[in-house]
Amino acid sequence: MPVTIEYERPWLYPAQQAAIFDARDLNGQAARYALIEASTKAGKTVGCMAWLVEQAVIHGSPGRSYWWVAPVYPQARIAFRRIKRGLPRALYRANDGEMTLTLPNGSTIWFKSAEKPDNLYGEDVYAAVIDEASRCREASWIAVRSTLTATRGPVRIIGNVKGRSNWHYKLARKAEAGEPGMAYAKLTAWDAVAGGVLAREEIEDAQRLLPENVFRELYLAEPSDDDGNPFGLKHIDACTVRELSPAATVCVGGDLAKSIDWTVLIGLDKRRCMTGFDRWQKLPWDKTSERILGLVGKAPTLLDSTGVGDPVVEGLTKKRPTIEGFKFTATSKQQLMEGLAVAIQSHDLGIVAGPVIAELENFEYRYTRTGVRYSAPDGYHDDCVMALALAVEKHRQLSPAMFSAMAPGGGTRISPWLGGS
Ligand SMILES: Nc1ncnc2c1ncn2[C@@H]1O[C@H](COP(=O)(O)OP(=O)(O)OP(=O)(O)O)[C@@H](O)[C@H]1O
Ligand SMILES: [Mg+2]
C-alpha cells in the first residue's frame, strides 16, 4: 500500500533557506553542491537537518541511504538525537546502535563520523550533509563524494570559517568563482540576527569580548590571516624539524593520560629542540610511573599533576626530586599555552614532524565568557601540546647558565630514549 507522508518544512529564516534549500549555481540551475560558510549559531545544523530529512521524505524509496556526516562521533550522535526529537514519532524507526532513522517510505538516514574516512566508502548515497566541514578531514569529503557518484546525489557542505588552509575553504572559493553545479553562500551572525534566531546584544557582546580577527572568523565567516590557529601555521612550520636532536636533554615535560587520552613525554635540549618523544596508553599507573622514571632520567621534569595524576606525580617526586608537578587551572593552563605560543612565534623551538605538529596545527581558539582560550577541537587530543608546553615552561624556569653547568660539552646520555652526544 502506498504510504502518504505529509511533510511541512520547518520555518527557516530567509537567508538560511536561500543558502541551504534554494542553492543555485551561476547559471541559475539548482546546485548539486552547496558550499556554505557560516557564523556559529547561525542555524547551520538545524537548517541542514531540515534539508536532509526533506530529501529523504520526498525522494526516498526502499533501500535509499541519506547521510549526515560530522567531524567526530559525539557530534554525529547529537545530530541523530536532535533529528529524532524533531520528527513525529510515527515518522521513523530508529536504530540507536547504528544511528539510523528509517522512514515509512523505506529510506534510511545514517549518522556518520568523519574520523575514519575508510568507513565512508562503499555505499550509494542519495543526499548528504557534511556539518562542521572545516573540521572534517579532506579524505572524508573525498569518500563522501565517491558515495554520491552513482546516484548523482546532492550535498550540503557547511561550517565555520577556520583559516584558509583546509578543503572547505578551497572548495568554497571554487563555488564562489561560479563552478557549474556549485552554489556558494555566507551566513553571518547579522543574517541570523535579522532572521530572529540570534540576539543582537549577544553578538555585540562577543564583538567587545573577542579579538577582532577571532570575531571576524567565528561570527562574520571571514578567515583570519593566522588561519584560526592560535600559534600561527606559518610559525609552526618554521619550528618544524625532521629529526630528534642528538644533543643532551636538559628538561622534560609530560602530560599524564586521564581516561581515554595518552601519556606523553617530550624532552628538549639546550636550544629547545626536541630530544625525545614517547607516548603510550592504557598502562596501569605503576607501569606508567616506572616508564616515566626510566625515560626522564635525572633531567628536570615538569609533569601535569591535575586530578587523577596528582598522587602519581607525588609518588614520582618522592623517588626523583628532579620531577615536579604542575597543576592546571583555567588560568595556569592559559598562561602555559601563551608561553608556548611566544616560543613558537619567535621560532625558538625545534619540533619534530609528526603527532606534536599535527596537534599544534589542529589547535583552535575557544571562546568563553571570560575570554579566548586555546584548545584542541572537540574529540581531538591535546596531550602532545600540553607536554610540549610543560617542557617549554621547565626550560624557561631553568637558567641557561645552569644548563652549561649541568651538561658540559653537550652532556651525557641519560637514558636510551633521551639521547646525548
Ligand atoms: N529557523 C530557525 N528557527 C528557530 N530557531 C532556529 C532556527 N535556526 C536555528 N535556530 C536555533 O538557533 C540555535 C543554533 O542553531 P544551530 O545549532 O543549527 O546552529 P549552528 O550554526 O549549527 O551552531 P554551531 O555553531 O553551534 O554548530 C538553536 O538553538 C536553534 O534551535
Ligand atoms: Mg552546528
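User: Which residue forms a salt bridge with Glu314?

Analyst: Glu314 forms a salt bridge with Lys318, and their closest N and O atoms are 3.4 Å apart. A salt bridge here is a side-chain nitrogen of Lys or Arg within 4 Å of a carboxyl oxygen of Asp or Glu. This is a predicted model, in which local features need pLDDT of at least 70 and side-chain atom pairs count only at pLDDT 80 or more, while totals for chains, interfaces and linings use all residues. Residues are numbered from 1 along each chain as its sequence is written, chains are lettered from A and ligands numbered from 1 in the order in which they are written, and side-chain values use heavy atoms, with hydrogens and water left out.

User: What separates Glu314 and Lys318 in helix α11?

Analyst: About one helical turn separates them, because they are four residues apart in helix α11. Helices (H or I, at least four residues) and strands (E, at least two) are DSSP runs, numbered from the N terminus.

User: And Lys318, buried or exposed?

Analyst: Lys318 counts as exposed at 66% relative accessibility, whereas Glu314 is partly exposed, with a relative accessible area of 44%. Buried means under 20% relative accessible area, exposed means over 50%, and partly exposed lies in between (1.4 Å probe, protein chains only). Elsewhere, salt bridges that share partners join Glu132, Arg135, Lys162 and Glu364 into one network.

User: How many salt bridges does the structure hold?

Analyst: The structure holds 16 salt bridges. One of the pairs is Glu37 and Arg173, whose side chains meet at 3.0 Å, N to O. That pair links distant parts of the chain, with Glu37 in strand β1 (residues 33-38) and Arg173 in helix α5 (residues 167-176), 136 residues apart. Glu37 counts as buried at 3% relative accessibility, and Arg173 is partly exposed at 24%.

User: What does Asp310 meet in a salt bridge?

Analyst: The side chain of Asp310 meets that of Lys327 in a salt bridge (3.4 Å, N to O). Asp310 lies in helix α11 (residues 309-319) and Lys327 in the loop between β14 (323-326) and α12 (330-345), and the two are 17 residues apart. Asp310 is partly exposed, with a relative accessible area of 27%.

User: Switching to strands. How many residues of β10 are buried?

Analyst: Five of the five residues of β10 (residues 251-255) are buried, and the strand is described as mostly covered. Cys251, Gly253 and Asp255 point one way, Val252 and Gly254 point the other way, and all are buried. In a regular strand the side chains alternate between the two faces of the sheet.

User: In which sense do β10 and β11 pair?

Analyst: β10 and β11 (residues 263-268) pair in the antiparallel sense over five bridges; two strands pair if DSSP finds at least two bridges between them. The bridge partner of Asp255 in β11 is Val264. β10 also pairs with β13 (residues 301-304), in the parallel sense over three bridges, and there Val252 has Thr301 as its bridge partner.

User: How many bridges join β11 to β12?

Analyst: Six bridges join these strands, which run antiparallel, with Phe277 in β12 as the bridge partner of Ile266. The two strands form a hairpin with five residues between them, and Arg272 in the turn has a positive phi of about 65°. β12 (residues 274-280) is mostly covered, with five of its seven residues buried.

User: New topic: which residues form the positive surface patch?

Analyst: The patch is formed by Lys41, Arg81, Arg82 and Arg85. Patches are made of residues with over 30% relative accessible area and no salt bridge, like charges being joined within 9 Å and nonpolar side chains (Val, Leu, Ile, Met, Phe, Trp, Tyr) within 5 Å.

User: Where is the place of Tyr92?

Analyst: Tyr92 is in the loop between α3 and β3 (93-95), and it counts as buried at 11% relative accessibility. The C-alpha atoms of Tyr92 and Ser346 are separated by 56 Å, the residues being 254 apart along the chain.

User: Finally, how many helices and strands are there in the protein?

Analyst: There are 15 helices and 17 strands. Buried residues make up 54% of the 421 residues, and the C-alpha trace spans about 85 × 40 × 35 Å along its principal axes.

Terms used: Areas by Shrake-Rupley, 256 points an atom, 1.4 Å probe, with all protein chains shown as cover. Lys, Arg positive; Asp, Glu negative; His and termini not counted. Charge placed at Lys NZ, Arg CZ, Asp CG, Glu CD.
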